Amino acid sequence: GLADVNYNAYINKQGKQVIKFATHSLLHPFSEGLACVQVFDKWGYVNKQGRFLIKARYSEANDFHDGLARVAIDEDIFYIDKTGKVIFELPLGYNSGCHSCSNGNFFNGLLLVSKDNQYGYLNKKGEVVISPQFEYADDFHEGLAAVSNGNALFYIDTKMSFGLSTD
């Protein structure tokens, strides 16, 4: 594996610098074979040889999770695949991520979103699969997500079957 060091270079396990970027760079750790890198004010994605596979053109960018990454160009939010192809644009009125979750990343094939202060989930095509209906929700992990309405906290699976309640 490679580790980022001093915000502008990656080192290998022996501590040898193997990839270096311009002084004005920020580096994320590698995720699913690509690293999110900011050069000056734009973000893109590099492989382990330091070659940009997805051009640095985004004003914001997240690491890849479940094969997709959240990126933004100004106020427009998109989800791209590892070739840089736009898979979908976040629907109007929706926000990805929440107060305690992982900032707009896919987990178990679903993306936690909010609309009108209610939480729900989109699939990898950008389609609503669990409509926003919860006052609180978390990312899916191991097939379950914690959600709540009022004082009731419970778990749902990806098919919206209700599971264990904490009442």
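Predicted model: local features only at pLDDT ≥ 70, side-chain atom pairs only at ≥ 80, totals over all residues.
## Ground rules

Buried means under 20% relative accessible area, exposed means over 50%, and partly exposed lies in between (1.4 Å probe, protein chains only).

Residues are numbered from 1 along each chain as its sequence is written, and side-chain values use heavy atoms, with hydrogens and water left out.

## Two residues with positive phi

Let's stay with N117 for a moment. Its phi is near 65°, a positive value in a residue other than glycine. You will find N117 in the loop between β14 (110-115) and β15 (118-122); strands here are DSSP runs (E, at least two residues), numbered from the N terminus.

D66 also has a positive phi, of about 55°, although D66 is not a glycine. This residue belongs to the loop between β8 (60-61) and β9 (69-73). With a relative accessible area of 28%, D66 is partly exposed.

## Aromatic pairs

A pair of aromatic rings is described by the distance of the centres and the angle of the planes. Rings of Phe, Tyr and Trp (its six-membered ring) pair if their centres lie within 6.5 Å; planes under 30 degrees apart count as stacked, over 60 as edge-to-face and the rest as tilted. Searching the whole structure gives 6 aromatic pairs. One of them joins Y79 and F88: the ring centres are 5.0 Å apart and the planes are at 15°, so this pair is stacked. Y79 is buried, with a relative accessible area of 1%, and F88 is buried at 6% relative accessibility. Together with F106, Y79 and F88 form one aromatic cluster.

Now turn to F134 and F154, whose rings make an edge-to-face pair, 6.3 Å centre to centre with 70° between the planes. F134 lies in strand β16 (residues 128-134) and F154 in strand β19 (residues 152-157), so the pair ties together parts that are 20 residues apart in sequence. Both F134 and F154 are buried.

## Salt bridges

How many salt bridges does a search of the whole structure find? There are 2, where a salt bridge is a side-chain nitrogen of Lys or Arg within 4 Å of a carboxyl oxygen of Asp or Glu. E32 bridges to K82, with the closest N and O atoms 3.4 Å apart. This pair links distant parts of the chain, 50 residues apart: E32 is in the loop between β4 (25-31) and β5 (34-39), and K82 is in the loop between β10 (76-80) and β11 (86-89). E32 is partly exposed, with a relative accessible area of 34%, and K82 is partly exposed at 35%.

R70 and E60 also meet through their side chains in a salt bridge (3.5 Å, N to O). Here R70 lies in strand β9 and E60 in strand β8, so the pair ties together parts that are 10 residues apart in sequence. R70 is buried, with a relative accessible area of 10%, whereas E60 is partly exposed at 41%.

Definitions and conventions:
Helix = DSSP H or I, 4+ residues; strand = E, 2+ residues; numbered from the N terminus.
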